Amino acid sequence: MADVTLRSVKKSFGKTAVIHGVDLVINQGELVVFVGPSGCGKSTLLRLIAGLEDISGGDILIGGEVVNNRSPKDRQIAMVFQSYALYPHMSVFQNMSFGLQLSRHSKQEIKEKVHEVAKVLELTDLLERKPKQLSGGQRQRVAIGRAIVRNPRVFLFDEPLSNLDAALRVQMRIEIAKLHREMGATMVYVTHDQVEAMTLADRIVVLSAGRIEQVGAPLELYHKPCNKFVAGFIGSPKMNFMRGTLMEAGSQTTTVKLDAGPVITVGVDSSGAAVGSAVTVGIRPEHILVDQNSSLELPLEVIEELGESHFLYAPLSTGEMLTIQGRGDTTLAAGSAIRIQFPEEHCHLFDADGKAFARTASAKAEEQFDFRTLTTQQ
Amino acid sequence: MALALSSGEQVGAGGNRSQLTTARIRAAWLFLSPMLIALAVVAAWPLARTFWLGFTDANLSDLSQSQFIGFENFYAVYDGEAYGLLVDPEWWNAVGNTLYFTVVSVALETVFGLVIALVLHANFKGRGLVRTAVLIPWAIPTIVSARMWGWMLHDQFGVINAALMTLGIIDTPIAWTANPDTAMWAVIIVDVWKTTPFMALLILAGLQMLPNDIYEAAKVDGVGPVRVFFRVTLPLLRPAIVVAVVFRALDALRIFDLIYVLTSNSTDTMSMSVYTKQQLIDFQEMGYGSAAATLLFMIVAFMTVITLIAGKLRFDGEGER
């Protein structure tokens with residue numbers, strides 16, 4: 001196992017720059033997830049670490065050694081591809097042992113190693129099968145097994161679960177988490193699925209247009225996004241954004257007049273910000289409260305019932321559509337009106353450039369959220 | 001047709017064929033009939049007629065006087081001596097020549113075609129231009145390229161003799177197409193030159209079907225390029241190569257134009273088709289020639305079946321391994 005360090009890594013394809021100087025340290029034994037919208041460069045970054053693409057600038061270090069000019073095999077990494085990339089004409093055993101045959105292992109050693117890994121991944125009965133005789137989940141396990149037998153310093157996963165159906169994805173996600181815990185391996189995992197990112201990662205790297213937006217633990221990104229992009233990207237459904245004007249700055253609370261009319265208090269430290277400047281208030285759908293005593297009344301346009309929760313869609317007077325998430329069923333009807341309020345401790349505030357103001361809400365306030373939503377539902 | 005018939009059978013077994021199914025089967029036959037009629041006129045009828053003529057003593061000068069003579073064109077014994085195609089050394093010489101030509105030329109074309117396909121598959125500047133250039137020999141009509149090579153191989157004025165003499169490799173001009181030692185090789189070289197592009201194109205199509213990710217997986221696994229070629233590319237490419245070889249072999253077994261133009265009726269290079277044409281047209285032996293044509297058809301059909309079965313068996317064998 002080894003750590004991975006990226007030092008202002010750049011990559012361009014011809015004249016198009018796709019990675020603009022990325023700095024990142026991935027610690028030994030850590031599972032780091034790259035997330036971002038399609039085309040943000042997350043897969044490219046992974047391929048740069050793998051050595052499948054050459055970097056155009058900067059340094060990549062694995063285990064403290066610069067590997068810029070080393071071929072993939074000399075980097076001692078293993079990669080699991082989205083399409084599994086199994087050799088279609090080889091059996092599961094041959095697929096898993098193909099990369100070992102060249103190194104100095106004896107036939108017996110290879111056999112033992114493959115059987116050992118196959119046992120862990122429950123592939124023992126499938127060793128003689130061809131990939132086309134396997135289900136998607138089994139194929140992905142073979143691909144992971146092929147990576148494990150090589151005993152690499154770093155595991156690279158390129159959207160490994162996107163070709164699986166939803167139920168299998170959850171199952172494989174848990175298996176990967178288990179593998180990571182048992183092996184203590186350094187893993188870099190690329191996905192566009194933020195549930196995978198939130199559940200698997202020790203740290204998440206949010207990428208956008210070839211730059212790192214924020215690096216942090218999953219809950220840190222959820223509670224303290226450093227800018228509007230991360231705030232909107234992490235969390236599903238997306239955070240609601242409302243344009244407004246700063247009325248009163250403060251170190252504990254800030255007062256904002258929303259373009260839609262109401263004046264609200266937001267629990268952020270805006271000391272030093274200019275009164276009258278344009279800001280954006282953000283609040284997650286699960287944090288908006290439905291409150292009959294509130295003065296803010298909105299038309300309820302659409303209701304989506306999911307069983308364990310429901311979504312209410314209500315437009316502000318500016319046309320900005322708010323999504324409100326509640327627990328269980330709702331008694332409200334589409335076409336009626338709802339009264340809502342924005343708890344100040346759950347609000348985020350971003351300046352005109354999208355940069356977040358530091359939140360002053362205590363961790364305690366976050367914990368109270370479940371209780372509060374439940375009580376207002378009744 | 002098979003689809004329409006089998007679905008019809010299924011419903012028929014159930015007892016009542018729905019109106020929709022009946023209409024579909026009728027439509028299928030309607031669409032198929034022009035093709036079936038065309039095939040019957042241009043393939044089935046001439047073939048049947050050739051088979052029939054093979055059992056007669058027909059002569060090209062007067063086809064109406066032909067009589068049925070059974071297997072006499074193939075094998076007959078008069079006064080203790082055997083006659084007929086099956087004991088004709090010239091025919092068997094032609095069969096031998098054809099098989100030799102087919103095996104050697106198709107083998108060479110496969111190897112060269114594979115090499116060229118691999119080169120064309122690589123990403124380099126001017127690839128489109130090279131791809132087009134490689135196809136030129138294939139685009140030239142056989143008669144034209146045979147004539148062209150005939151001149152290049154000419155014993156007195158040929159550019160090949162001139163080049164080899166200038167380089168000092170040979171000291172007297174060689175009559176490439178007339179010399180029994182070189183005639184067959186001259187034919188093979190010209191055929192390889194002409195049809196390798198076809199082979200390359202078929203194999204290239206197969207190469208482009210191969211998934212890219214397994215090559216990246218092999219790279220990460222640290223498997224060298226030679227090993228990747230023999231253990232990954234070649235096994236995956238085999239279906240495409242088998243198809244290409246079958247196509248080319250069927251073509252080569254009935255080779256006529258190239259040999260006829262380059263070496264005329266020389267027995268050193270005479271193929272089954274050249275022999276047949278000689279009997280039919282030059283000797284006007286319509287019956288005997290038709291018998292040869294019938295045998296030629298049988299041999300080609302036999303080879304096709306063998307190749308297809310062999311190709312299939314190997315796939316299944318691999319599945320068991």
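Domain bounds here come from an automatic or database domain assignment. Keep in mind, too, that what you're looking at is a predicted model.

**Chain A: two domains**

With that in hand, chain A splits into domain 1 (4–228) and domain 2 (237–377). Their C-alpha centres sit 38 Å apart. Where the two domains touch, domain 1 of chain A puts in six residues and domain 2 of chain A puts in nine residues. On the domain 1 side of that contact you'll find two nonpolar, two polar and two charged residues.

**Where chain B meets chain A**

Now for the two chains together: twelve residues of chain B are in contact with 17 residues of chain A. On the chain B side, the elements giving two or more residues are helix 8 (213–221) and helix 9 (225–253). Helix 8 of chain B supplies the largest share, seven residues.

| Helix 7 of chain B with helix 9 of chain B | ten residues | two residues | one residue |

**A helix pair inside chain B**

Helix 9 of chain B also pairs up with helix 7 (residues 180–209) of chain B: their axes come within 8 Å and cross at roughly 155 degrees. Angles over 145 degrees count as roughly antiparallel, so helix 7 of chain B is roughly antiparallel to helix 9 of chain B. The crossing of these two helices is right-handed. Which residues meet there? From helix 7 of chain B they include Met199(B), Leu202(B) and Gly206(B), while those from helix 9 of chain B include Leu237(B), Ile241(B) and Arg248(B).

Conventions: Residues numbered from 1 in each chain as written. Chains lettered and ligands numbered in written order. Predicted model: local features only at pLDDT ≥ 70, side-chain atom pairs only at ≥ 80, totals over all residues. Contact = placed C-beta atoms within 7 Å. Helix = DSSP H or I, 4+ residues; strand = E, 2+ residues; numbered from the N terminus. Nonpolar A, V, L, I, M, F, W, Y, C, P; charged D, E, K, R; others polar. Axes fitted to C-alpha atoms, helices over the stretch in contact; angles between N-to-C directions. Parallel < 35°, antiparallel > 145°, perpendicular 65-115°, else oblique. Left-handed = near helix turned anticlockwise from the far one by under 90°.
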